[in-house]
Structure formats: structure tokens, C-alpha cells
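Please keep the sequence and the coordinates at hand while reading.

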Amino acid sequence: MTVLPRPARRLGLAVALVAALTASACGNAPSRSSSTSSSGAGAGAATATSAAALGGMEALIAAAKKEGALNVIALPPDWTNYGEVISTFEKQYGIKVTSAQPDGSSQDEINAANQLKGTDRAPDVFDLSSPVAIANVDLFAPYQVTTFADVRADLKEPSGKYVSDYGGFMSIGYDAGKVPAPTSVADLLKPEYKGKVALNGDPTQAGAAFNGVVMAALGSGGSADDISKGVDFFSQLKKAGNFLPVDPSPATIASGQTPVVFDWDYTNAAQTAKLAGNVDWKVVVPSGAVVGSYYVQAINKDAPHPAAARLWQEFLYSDTGQNLWLKGFGRPVRAEAMQKAGTIDKAAFDKLPPVSGTPVFLTEAQSAAANTYLKANWAKAVS
Amino acid sequence: MRAGSGTAAPVRRGLGRLAADHLAVLPFLAFVAVFLLWPTLTVIGGAFSADDGGLTLSNLTGIFRSPYRESFVRSIQLSAITAVVGAVLGAALAWAVVAGRPDGLLRRVVTSAAGVMAQFGGVTLAFAFLATVGFEGLVTVFLRDRGVNLFAGGAWIFELPGLVLVYSYFQIPLMVIVFLPALDGLRPQWREASESLGGTGWTYLRLVAGPLLAPAFLGSLLLLFANAFSAYATAAALISQGATIVPLQIRALQTGEVILGQQGLGKALGLGMVVVVAVVMTLYALLQRRTSRWLR
Amino acid sequence: MAAVTAVAGAGRRRRTAALRWSVLVLLGAFFLLPLLAMLDFSTKGPGGGRTLTAWREIGRDTELLRAIAASLELSVLTAVLMLVLLVPTMTWVHLRLPRVRRLIEALCLLPLVIPAIVLVVGIASLYSWVTYYLGDSPLTLTFVYVVLVLPYAYRAVESGLSAVDLKTLSEAARSLGASWTTVFLRVVLPNVRSAVLSAGLLSVALVLGEFTIASLLNFQTLQVGIALTGKRDAGLSIAVSLAALVLAFVLLLLVSLFAGRRRGARAVEPLQTVPPAAAAPAVSG
């Protein structure tokens, strides 16, 4: 190839130099301060640690209505009835809720918060799995809802940076018309399940997938402290040709793409209800491998709508919010307190999928250890 | 090269004038510097950066370890197979089209369709593919009703065989677009000359058309390879989890939590991809020069 | 002797024609099958019937409509910015700075070597600056899309500029007293109209089909919208995909027919949807 003539070479060098200089400049742009509202209420809401600090619920509601909008992320409408939760909140307070990336994972929520920091699109609130929340505590603002005391001490961060919201047990959902009923996790390695088993997400990013691996570990002779057997299970599943690298969703279940799904009992149960008549979707929690877990709520420290974010939390932990989750087969964190007070939705409570056996709940330390193991080994196991 | 600058009168050689001339291309150069060169340098620089800001080769050695090594192997396999499949079938289709009139309807329809399919790969293609041979796809159900289980061997559509099949849907059209001009360059007179000298169709192919088309064919094949290697959207829309091929590995590293010691890994993978594509495209450019000599 | 070769020739022509048509039919079926499958899937009704609900849904899904609008605006903006940047620069280089031509060519063809997935890794931090200054709209993708389009547009415009003897024309105009602007607007542009149109269409096609960068930078464009819709409503996403494919095809076909007819008697290749020698990595694929 001919060499560039001299003037062009000099020019080219100059261009490259400009680019190099700009490239070596600092990485990300400074985050624009998110307090677009210069009013006192707006600034106050961003640091309020409780409704009382803002002057009571009325003041909070007024401030939130003034903001008029709320950004939520990764809340599928069929997931513990979030569709109805969002619409009820919108109707009750007249605040417009923008629901981004409904099928996102917990990690996607954190990524969005980082990427959209300082903009109006940043998520205001998060609904995360514990490992992801624990790893990103610095992003959250401490806030204690009015019913904070109703939540057990081991299910919340003391200052309210993240608080458990609803829980469930890991289950296997399956299309009874297409596959035989699995009784244990090991059953899924059989040839009848070739190309049929899906896990809801990547365990290093999504809570449902993370706990799916834990359930597999418990069902394959592992324990809460040792999930290597779970990772091995999925590796075997992949080798047997049974594992589908597809994210299951209501669409894939309805279309028959994912006949067997590792997911929470509440999501699977919601599908049973939704697809009754079209797909015979059954849910089973394998005995001996009962994994329970709560998701946690958190408020973005740099939320574009801080008052609305806090009002949302108040709503979720109120009896209305908790009962709506119960309607979606989730087990609300205030269930005990509400039962004592008689405010729980008895009919919905009785409809919860039955669970037999002693459930295993991972401690923070166990979660963190499992997370580390997964990050180091998951990709290799299923690639 | 010298002839072109003959219009420059001595007056214009003034330095000020020269600078002013170059000023006109400044907006374009500035734009390219910011939006193309800077990201490229970021990737190259990032591949060599350690977490603490120093230089390191650990990222580059990292990409040669499992699972990234397997991803590279699979990417190369996928690109090579689809390049050959696309080249052969695309050349056949191009040949079938070129025999007609240059502005006939058939040719326009095929080139338009090829244009759409070559550019519109990605998400639409992945969904079309699932609608055809997915678990409830048209072909799957058709075969199932006749007792043939397409997925007896497992979920092959999400692995290499499936990717090969779906990639063909944009490789073949791309070949048609790229190879058609080469076929157009074959003058019918050459065919007649070969026949008048007593040659058969096979002789013509072996001694005239073949050698003339070979550089174009090989060049197009290389182009198809680079295209498949760089492709992301189709695989990403089809395979939501896992990282079968290198672009999906990059996706996993971009969307996953940032782990200590792995920050430069995504950029190192990117650098690896750039190196492979650069090599292939250089060979392609060299072959292009040979082609253009004969088929102008 | 002539009669024998004539008969042999006719036989050969028939065989060739048969072979041609069988190739066309086989490959045609191969490509039409997925389109048929999409049509079938998107009209599947409950209990095996046919329904148009998925298609009607296209008009009702506001998120999707917003994404479509964003993509359409993006494609226009990209085409315009690309033409504004590229055509004057290339004309100027042709006329006054031939030595810089190689550099421009190298820069324009560089994006071919950087796959979109790698470009987005490098551009993520830059885009936080862009959105900081320009706000948070998908339209900011224009800048990186112009970069993606550069190689194809360069080739199209280059072939247009080389086909005309610009130097003579511009000298003639200058000697008659025209300014450089007049030369550009009234001498160069009319002569490269089809090349410019071709480059513009390429940009539109590329932008409408782009997924990689939009999805990894978290913007809602057409393709990203289709992908997200696919997770919750498979029928709707397939209906939109099919609609987009068919519309793009019809558009390209019409343009190719229209452009070909305008040329009239000139035996020139009909409007090329992708310039031959440099149709390199289909960016969206």
C-alpha cells in the first residue's frame, strides 16, 4: 500500500494527537446534581430519613404530588402483581409511574442507576436481590417507613438503606401437558427434558436465578454454605442438552418456548392463574430443596424524584401495598404483624402455594460467599 | 498523483492559503477524532490498563484462558462456516440473477430483498428464526405432526448449528450484493470467444471465468467472515443468557457487575476482535485491488 | 456445423435456464419461509383460529410507537448530518486537497474494522458527556450512527464524485466568477444527486436496523423496542418485525424502480442499495 503523502501524514498525526489527548482526559462526565427542584421541599426530601422528618405523611404526599412522576425499573406486571401495585399507586396519588426494563435483572437496575446518574431517567427506587443490594449499599439512601418496626430485624438494614419487601420459595414450574412432573431437581437431568429447562436469568445478575442455583445445590447434595453442587448441576444440565440459554418470561411460557422454568413460586403461580385454559402450568417446590428468600426495596441516593420515591415506599409497606403483593402470591414481609392486627387479606393468604419441609434462608455471609463463587465459576460451567 | 495539483498557481502556495484550505476539512476530522478515534483508543488503552491505572498484560493473557478462549474458537468456527455457506449459495443466487436483464424486475426485487436482509439482521431475524424453527415454530410443528421431533438432540438452535442457520439469512444476501458486480464484469464476449475456440461451458468456467472471479469470490468470502465475526444483534436477541461467542462475552462483561481484575477484560476482548477483523479486512482490500484490475 | 452448434447452444441455454430457475426457487423458498412463519405466528388466535389482535396492537402500544418515532427521527438526522459532514469535505478534497484523500479514505473505512460491539465499549464514557450536555434523548445516537454509516456513505459519494469530471466543471464555473459555495450548490450537487440519495438511503437502512449500540447504551429505538416487546408479547413483536421488513423492502424496491426509470436510456446499474466494493460488515447483523 502506498504511504500517505506528507501533508496528509502530518494532518493524520494531528488528528490522532487530539484524540489521544481527549481520550486520556477523565472518564465519565460529572454527574449533574439531580435537584432540579430548587424548592425547599425537594431538597429536603432527598435527605429525609422518614416521613416524620419531612413534617408528616401529608407533607410527604404533597411533595410527591408536586414532583408528579416516579421512575421504577425491572418490575414485570406479573411479578407479585406489580401491574396492579403500580396502577393503584398511580390512581391513589395521581403520580405518573414510568416502568423501565420490566424484564431487567437486579444487576440491570444498578447499571441503569450508574449509567443514568444525574439524569431524569435514573431509577428512583429499586427492588433487588440481597446479594446485589449488599454489594451496592453506597447507592442507597436510608429511609424508614412508618411501619418499619413491623419488619424483623434480620430482614432489614438498620438505618433503612434496604428493607425486605416480599418473599417466596424457589420452585420449578412446568407445562404438565408437555413434560412429565418432576419430583426432584435431579429428575430434570432425564432425557424427557431435553431442550426444555430454563433458568430465570443469570445467577450473577438476577435474584431468581441465584436462588435457582441454590435450590439446585440443595437438591444435589449441597448446602447453603456450598453451592458448588448447584453450579455442577447446571453444568450437567447443559451437557445433557436440557438447558435452554433463554430468559423465560410470560411470553415464552405462553408460546411454549420454555416448558420448564426455575423461578419463584409466586411468579410460577401467577402464570398458572394467567394461562389457565391455555397451558396447564403447574408449580412444584421439590421437598428437601426448599429455598426461601426475600427481595429488598431501596431508594436511589440520587433519585430524580426523592419525595415520590419515599411515598412509593410508604405505599408498598402499607397494608394496601402488602396485600396487593399477597394477591400476587408473594409473602409480604409484614405478614405476621398484619395477621395480628387482622388487616391481612385472608382469602389471598389461603391461596398461597403450599410448602412442605424446612425452608433454608441464606444469611448475608452465605449470600456473599455464594455470589463470589458464582462470579468465578458460572460462566465456565454453562458455556 | 502529481498531475492533479497542476492547477495550483504559484500564488496559492502561500502558507496562509494552504492552512485555509485544510481548515475546510477540520469539522469532519474533529468529528471523526472525537467519535471514532477516541473510543478506539479507549478500547486499546483499556485493554492494557490495570485496575490501579498502570499498564498490564494480564487482560490480554486473560482472554486466552477458558471460557474466553472457547468463545473465540466458536466465533471463528461460526464465521468460517457461515462465510463458506454464504459465499457458495450467495454466488449461486447471484449467478441465477445476473443472467437476466440488468434492469429487469427480478434483479431489482432480489437486490432490494438482499439489501433489506443484509442490513436488517439482528432482532427481527432472531424472531423470524424462532417463529420458523423455534419450539412452536411453523416447521417444528409441521414436522411434529408427522412424527419427527426436530429437537431430539437438544436445543441446537441456541448453539452453533442454530447460529450457523440463522446467520446464513444475512450472509447469503450480503454475498449477492457484493458478488453481483463481479459477475456483471464478465463480458458475454468472453464466453462467445471461448466457445468459438471450441471450449465447452466447463472449459470457460475453469480457464476464463474461474480465474477472473476467484479474487472477487475469495474477497467476498473474507468480507462475509468479518461480517459474521462482528455480528452481535442476532445472537444477542436469540440467546439471552450465556456467552457462546465473543460478542456475547463482551455483553456479559458490560452488563455484569464490575469485578476486580476484570475491568480491562472486556476491552481486551474488543481488541482481540479488532485484530481479527483488521487482518481479514486487509486481506480483503488486497484482493479487491486484484479484482478491480480485470473487472472494471 | 453452425446448425449443430446452434442446436447445442439452444439445449445448453435451456439447461442453464432450468438450473437458474431451480436455484431461484429453492433459495426463494428458503428466504420466504421465515416470513411466512412470522405471518403465521402473528395471526395465531386462541384455539387455532386466526386473529389480527397482534397487528392492531401495534397502533396501541405507546412505548413501541415512541421507539419507532425515535428511530425514524434518528435516521433522518443521521442521514442529514452525514451528508453535511461528508459531501462538502469530500468535494473539497477532490478539488483542492488531493493529497489528503488517502487520509480521508482511511478514516472513513476505519469503522469497518471496529465492530459495533467494540465501539460501544469504547464510547460508553464519552456518551455520558454527550447526554450531560445535550440531554438524555435517543437522538444523541446520531453522532455514533454517523460513524457507523461512514464507510458505506463514503463509497457511495466517492463513486458519484469520481464519475464526474469535477475539476473541469469547477474550473469552468470559477472562471465564470462563481464562488466556491455556488460551485458546490449548483455544479457539484446536481451531478452527484444519485450518489447522495444512495448514501442517504443507506444511512436510513442502517439506522433503522441498528440494535447493538442502542441497546448497550440503554436507548429505546425501534430494534430495542422490538426486543423488549418480544419478552412480554411475542405476537406483537413478530408483527412489528414483519411490518418493518416488508416496509423496508417495498421502500427499497420503489426507490430502485424509480431511480432506474429516471436514468432512462443510460445503461447504468440501477440504484445500488449497497455499494459493491465496500459493502462490509452489515452493522446490525
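In which helix of chain C does Ser241(C) lie? The model is predicted, and in it Ser241(C) belongs to helix α12 of chain C, the element that covers residues 234-263.

Is Ser241(C) buried or exposed? Its relative accessible area is 0%, and Ser241(C) is therefore classed as buried, given that the class requires a value under 20%.

When the neighbours within four places in sequence are left aside, Ser241(C) is in contact with residues of two chains: Thr124(B) and Phe127(B) of chain B, together with Met38(C) and Ile226(C) of chain C.

Beyond the neighbours within four places in sequence, the residues in contact with Ser203(C) are Ala79(C), Met82(C) and Val149(C).

In chain A, Thr252(A) is found in helix α10, spanning residues 250-255. Thr252(A) has a relative accessible area of 7%, which puts Thr252(A) among the buried residues, because that class takes values under 20%. With the neighbours within four places in sequence set aside, Thr252(A) is in contact with Val246(A), Asp247(A), Gln257(A) and Thr258(A).

## Chains C and B

The secondary structure of chain C consists of 12 helices and 0 strands, and 54% of its 285 residues count as buried. Among the contacts in chain C between residues at least 6 apart in sequence, 74% join residues at least 24 apart. Chain C exposes about 12300 Å², of which carbon and sulfur atoms supply 68%.

For chain B the secondary structure comes to 13 helices and 0 strands, while 53% of its 296 residues count as buried. Of the contacts in chain B with a separation of 6 or more, 71% are accounted for by residues 24 or more positions apart.

## The interface of chain C and chain B

How much area do chain C and chain B bury between them? The size of an interface is often given as the accessible area lost when the parts come together. For this pair the buried area is about 8100 Å², and 76% of it lies on carbon and sulfur atoms. Helix α1 of chain C, residues 2-42, gives the most to the side of chain C that touches chain B, contributing 16 residues. By class, that side of chain C has 65 nonpolar, 15 polar and 9 charged residues.

The contact takes 89 residues from chain C and 93 residues from chain B. Across the interface there are 3 residue pairs in polar contact, counted with both residues at pLDDT 80 or more, and the count of salt bridges between chain C and chain B is 0. Ser241(C), with which this report began, has Thr124(B) and Phe127(B) among its contacts.

Methods:
Residues numbered from 1 in each chain as written. Chains lettered and ligands numbered in written order. Predicted model: local features only at pLDDT ≥ 70, side-chain atom pairs only at ≥ 80, totals over all residues. Heavy atoms only, no water. Contact = heavy atoms within 4.5 Å. Buried area = accessible area lost by both parts, 1.4 Å probe. Salt bridge = Lys/Arg side-chain N within 4 Å of Asp/Glu carboxyl O. Polar contact = N/O pair within 3.5 Å; in protein donor to acceptor, adjacent residues only side chain to side chain. Helix = DSSP H or I, 4+ residues; strand = E, 2+ residues; numbered from the N terminus. Nonpolar A, V, L, I, M, F, W, Y, C, P; charged D, E, K, R; others polar. Buried < 20%, exposed > 50% of the residue type's maximum accessible area, 1.4 Å probe, protein only. Areas by Shrake-Rupley, 256 points an atom, 1.4 Å probe, with all protein chains shown as cover.
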